[in-house]
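Look over the sequence and the model first.

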Amino acid sequence: MIAELGHFALILAFAVSLFQASVPLIGAAKGWPAWMDAARPAAIAQFGLVGIAFAALTVAFVTSDFSVVLVYENSHSAKPMLYKFSGVWGNHEGSMLLWVMILSLFGAAAASFGEHLPPSLRARVLGVQASIGAAFYAFIIFTSNPFMRFDIAPFDGRDLNPLLQDPGLAFHPPFLYLGYVGLSMAFSFAVAALLEGRVDAAWARWVRPWTLAAWMFLTVGIALGSWWAYYELGWGGFWFWDPVENASFMPWLLAAALLHSAIVVEKREVLKSWTILLAIMAFGFSLIGTFIVRSGVITSVHSFASDPQRGVFILAILASFVGGALTLFAARAGTMQAKGVFAPISREGALVLNNILLAVAAFVVFIGTVWPLIAEMFFDRKLSVGAPFFEKAFTPFMIVLALVLPVGAIIPWKRGNIRRALMPLRGAAALALAVMVLVFAISTGHSGLAVIGAGLGSWLVFGALAELKFRTGSAGFSRLRRLPRADWGKACAHAGLGVTFIGISLLMAWQVEDIRTLPVGGTFEIAGYEVTLAEVHEEPGPNYTSTKATMRVAKGGREIAVLHPEKRVYPVQAMPTTEAAIQSGLFRDIYLVIGDEQQGGGWAVRSYIKPFAIWIWFGCGLMALGGLISLSDRRYRVAAGARRKQPLGVPAE
Amino acid sequence: MKRLFLILMLLATPAMAVQPDEVLGDPALETRARDISKLLRCPVCQGETIDESNAAISRDLRLYVRERLVAGDSDDQVVDAVTDRFGEFVLFEPRATGGNLILYLAGPLMALIALLLGWRFLLSRRVSPEAEAAPPLSEAERARLDEIMRE
């Protein structure tokens, strides 16, 4: 009954979205206020209806209603409650439902907070947003219905893939979708602006918070996914340049570019058409990501059970929305006149360079991701493009970006002077050089990666601090506290990027690994730590059996950690997983994995010392925090709160 | 994910990546073996290197790589030998030959084009469009200007 209720609510939401995608747009074109205003209640109703559908599916999962096909295929009565809940989106159908729910959430948010928007712009934004929703409702209802029932309910389910039975599943996909789908707001604003035929500073000010929020969520989502891979997969890799990772990385790069170009539109009224194009492309790449995951055209570890029919459907959605928006762009872009005048060496110039670097980097990732497809189609070559290619092709852009970022962030608008901009950064440059010398001295001379990466990373961190100091001038601490939040957010995000760079380069350069057979009671030494395998025993879990080891780690004879790496076997899916035991520290992680019992006695043991590993995710956290601080800037709240009453003109007499 | 593990279940005993019995005694050779393993793709998995993969064939390939290295082959020879058997599909870094040149040149070329366009745009913003678009002086204005200049 509840599943049917959910199904019905979903169909109603589809109907409402069709209404919302047509009536307000017609109203905006004809100038009928009542028709335009219909968008707001529709957006909120649509969110309510999808919410009901999602709640219904959640109830089916939580109560283990195996008469629902989806629950049977992806759940099991013995599964812990957390995974019954997060299992709702641990499959294709449920995750699409989450996707549209977040889409309608953004629409409802725009309807609620958008009271200061001009009515026609608001109607168009919500109309475009609903048309995206309508396409995806149709996709779910016609190709991926989560509410299918069995005639006769099976006794128990087939369980969720054990790798997904992890708290990571509860947070990684929702954040990722908040990011992907958040970019739909930027897209809707861009298309609405094209329909209106007007892009100005006010428009940019409305778009920025949405883009900022989407970028922030995407940052968190990607970081969580990478951290999850780090501790779950058993060898501590954190980024694989897998097609699906790339699919989330391209929108992230473009969203970062969009954030920066929208600043230029807001402050200087130039780069308008480029910003519109970026907004379209950023969401377009989100759709491409969805297509890659769902269609299975490119093989990836993330593929859901894929189905060509679904792939074709999403390709059609992608083609019509991106194609339509680009056509509109081609027709209207010429009308957008740039206003500001500035010299090439200026903040504007620096932000243009930022956009070039980020957009071309995204393009490189894109080419590498789809190349296997192109090569097979046009050159009849079956080949792979993986980490070695991306590391070589992508890294140079990040190096240039990191080199120029602190200078570009400090250089004044309109007309600047590089030498003068460098003055306040002298201290930061000296400190970054000192870090490079230090790293070179420690790393026994064999790793250029460590030296360059740590040097660039600390140049970003110290550069951000130097900028804060520069902005306060001689007024000191009291001025520092009064700096606009946007300045703090900017410094925080830029420093976060630096911290991530340091983490990645030092981890990759300095990681130490050891693989061996160890008898119970045996001890070995790795990078100054003595690791002892104290004992191994079998232990039952809720829906698995575990082989659990106790390993003691000592340094200089003093015990510093007792770790319990596990190997689990999930009987329903007949699948083993490794649960690494990690002791995180500020400067290194100790990462232990227990393997199989060996024929000659003893256990396979893999151990790693991973220097600066948590800096990678700490940096991502700083970037997201920077976004959050910027988002809380007074200007946005003022803009959101102020219903600037247009003074009603009185005709002169 | 699911498909990958179906495949793995059929092919592999549950063992993880590099096993202790595979490791070579000579650390220098072992390092080379690991570096090579990280370039080669497991032929049956979805996007894993043979270094990470649990599949039986990856184990065979890892052992083969080590065998060749012990026999005195250079890194390139080993990679070539594996590629000859399984095709260029197993190379995670495709060879820069033929059509693949596009893959390698696309990035730098795009960067060049973008920089040129960006530079042109920046130069165009130096003068205000209004000033550029100002209409030339009319006859009367020119006459008046001449008059002023003569004074």
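In chain B, 28% of the 151 residues count as buried. Buried means that 20 or more other C-beta atoms, placed from the backbone, lie within 10 Å of the residue's own; 12 or fewer makes a residue exposed, and anything in between is partly exposed. This is a predicted model, in which local features need pLDDT of at least 70, side-chain atom pairs count only at pLDDT 80 or more, and totals for chains, interfaces and linings use all residues. Residues are numbered from 1 along each chain as its sequence is written, while chains are lettered from A and ligands numbered from 1 in the order in which they are written.

Chain B has seven helices and zero strands. Its pattern along the sequence reads α-α-α-α-α-α-α. Helices (H or I, at least four residues) and strands (E, at least two) are DSSP runs, numbered from the N terminus. Among the contacts in chain B with a separation of 6 or more, 55% join residues 24 or more positions apart. A contact means that the C-beta atoms of two residues, placed from the backbone, lie within 7 Å.

How do the chains meet? Chain A brings 50 residues into contact with 44 residues of chain B. The elements of chain A that give two or more residues to this side are listed below.

| Element of chain A | Residues |
|---|---|
| helix H13 | 347–379 |
| helix H14 | 387–410 |
| strand S1 | 512–518 |
| strand S7 | 575–579 |
| strand S9 | 588–597 |

H13(A) gives the most, with 13 residues. By class, the side of chain A that touches chain B has 32 nonpolar, 13 polar and five charged residues. Ala, Val, Leu, Ile, Met, Phe, Trp, Tyr, Cys and Pro count as nonpolar, Asp, Glu, Lys and Arg as charged, and the others, Gly among them, as polar.

Next come the domains. An automatic or database assignment gives chain A domain 1 (1–160) and domain 2 (513–613). Their centres, taken over C-alpha atoms, are 44 Å apart. Six residues of domain 1 of chain A and five of domain 2 of chain A make the contact.

Chain A also holds an open sheet of four strands, in the order S1-S10-S9-S8, with antiparallel pairing. S1(A) and S8(A) (581–584) stand at the edges with a single partner strand each, so one side of each has no neighbour in the sheet. S9(A) and S10(A) (603–611) pair over eight bridges, in the antiparallel sense. Two strands pair if DSSP finds at least two bridges between them. Leu592(A) stands opposite Ser607(A) in S10(A).
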